[in-house]
Amino acid sequence: MRRSQIKMGENIAVIFIFFILVAGGLMFYMNIKQRLIQDKFREQQDLMAIELAQKILNLPDLQCTKDNVPVPNCIDSMKIDAVVARAEEDPVGYFRVFGPTEVGIDIIYAAVDPPQNEIHIYGTLDEACPDCTRTLTANMPVTLYSPIQGSYSFAVLKVGVQLR
Amino acid sequence: MKAQMEILGLAFVIMFIAVGMLFVIKFVLMPSESPRQDFTRTQLAYNTINALLHTDSECAGMSFRDLLIACADGSEVTCGDTLDPVCTYAANTIKDPILTSTLDAWEFEYEFDAYTIDSVSSDEISIFSNPLSNGECDEWKSARFPLQTQTAGTMFVELKMCG
């Protein structure tokens with residue numbers, strides 16, 4: 001009687017330890033899974049900025065054309081002036097395209113000295129955005145065409161997005 | 001019988017530890033490369049070369065595409081105040097400011113190469129190269145553009161991004 005009780009106690013102890021191990025494993029797995037989901041969410045947010053940069057690169061309002069054929073990866077500096085003027089007149093119109101972002105161009109190399117090395121196209125990032133957890137910038141090398149000078153410069157399209 | 005049971009118990013414990021280790025290796029030690037990173041690097045390489053080849057240089061009104069072709073053809077054109085040979089001028093200008101202000105500033109590891117293929121041996125003949133500083137990379141994402149030269153056959157401009 002006494003021996004069988006001890007045996008039963010042993011079995012219960014083994015099962016108890018087994019469940020502790022299973023619970024520990026589950027907690028470990030849940031932690032890892034939670035981290036992976038957070039990473040995935042962050043990745044989706046990063047993708048937003050890249051998507052937007054791609055969209056801007058292919059926007060007819062900004063893209064260079066040669067004989068009415070769009071030139072890939074090229075932005076027309078005169079079209080930038082038109083977009084800036086239009087965005088000032090009708091801020092809501094371009095908000096639908098750009099969203100709450102800051103879009104600009106840095107000129108890296110130009111054969112003919114440009115009037116300015118940094119061109120602001122749209123929006124400003126809110127420095128005092130209390131809900132924003134981070135600011136992300138997507139950089140895309142592009143060619144900037146100046147129809148007046150007839151020259152192509154090497155520039156970087158910068159798209160800044162504030163993420164909540 | 002008792003010894004067999006103990007061995008079985010031991011086998012279960014080892015199995016649990018093995019499964020746990022597999023999880024640790026899968027999730028912690030082997031973080032997988034996301035498709036986004038793949039796409040970003042490939043797209044960045046493509047955009048950089050595409051923009052570079054269209055850019056006009058300060059040398060004789062030629063674009064970088066023309067400069068690289070002239071370099072491959074062995075042109076005697078000289079560029080800049082120091083009258084650098086076309087290859088030196090192209091290599092120096094592509095390195096600084098173009099790549100220094102972009103890929104270097106964004107802390108990417110990359111290799112930029114321009115080469116032709118020998119028609120007899122099919123070997124690559126390097127025109128100029130900007131190799132990776134430590135020379136080692138596990139996985140390259142690259143963009144390669146062919147340019148037709150007058151005398152040197154097809155030239156390739158390649159940007160390989162590490163990551």
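Predicted model: local features only at pLDDT ≥ 70, side-chain atom pairs only at ≥ 80, totals over all residues.

Trainee: Let's start where the chains meet. How many residues of chain B are in contact with chain A?

Mentor: For contact, you look for heavy atoms within 4.5 Å. Here, 30 residues of chain B touch 29 residues of chain A. Putting the two chains together buries about 2,500 Å², and carbon and sulfur atoms give 70% of that area.

Trainee: Which elements of chain B make up the side that touches chain A?

Mentor: Taking those that give two or more residues, you get helix 1, helix 2 (35–54) and helix 4 (86–104) of chain B. Helix 2 of chain B gives the most, with 12 residues. Sort that side of chain B by class and you find 15 nonpolar, 12 polar and three charged residues.

Trainee: And how many salt bridges cross the interface of chain B and chain A?

Mentor: For that one you'd want a side-chain nitrogen of Lys or Arg within 4 Å of a carboxyl oxygen of Asp or Glu. Between chain B and chain A the rule finds zero. Polar contacts do turn up, though: five residue pairs between the two chains, with both residues at pLDDT 80 or more.

Trainee: Next, the pocket. How much space lies in the largest pocket, and which residues lie nearest its centre?

Mentor: The largest pocket holds about 1,100 Å³ of space. Its lining has 27 residues, and nearest the centre are F18(A), L21(A), F12(B), V13(B) and F16(B). By class, the lining splits into 19 nonpolar, four polar and four charged residues.

Trainee: Where do those lining residues come from?

Mentor: Look at helix 1 (2–57) of chain A and helix 1 (2–29) of chain B: each supplies at least two residues of the lining. Helix 1 of chain B gives the most, with 14 residues.

Trainee: What about the backbone? Where is there a cis peptide bond?

Mentor: Omega is the angle to check for a peptide bond. The cis bond joins D96(B) and P97(B), with omega at about 25°. You'll find P97(B) in helix 4 of chain B.

Trainee: And which residue has a positive phi although it is not a glycine?

Mentor: Phi is another backbone angle worth checking. N68(A) is the residue to look at, with a phi of about 65°. N68(A) sits in the loop between strand 1 (63–66) and strand 2 (69–76) of chain A.

Key:
Residues numbered from 1 in each chain as written. Chains lettered and ligands numbered in written order. Heavy atoms only, no water. 1 Å grid on protein atoms, 1.4 Å probe; cavity = no way out; pocket = protein on both sides within 12 Å on 5 of 7 lines; lining within 4 Å. Points joined across faces, edges and corners; volume = space filled by probe spheres on them. Helix = DSSP H or I, 4+ residues; strand = E, 2+ residues; numbered from the N terminus. Nonpolar A, V, L, I, M, F, W, Y, C, P; charged D, E, K, R; others polar. Buried area = accessible area lost by both parts, 1.4 Å probe. Polar contact = N/O pair within 3.5 Å; in protein donor to acceptor, adjacent residues only side chain to side chain.
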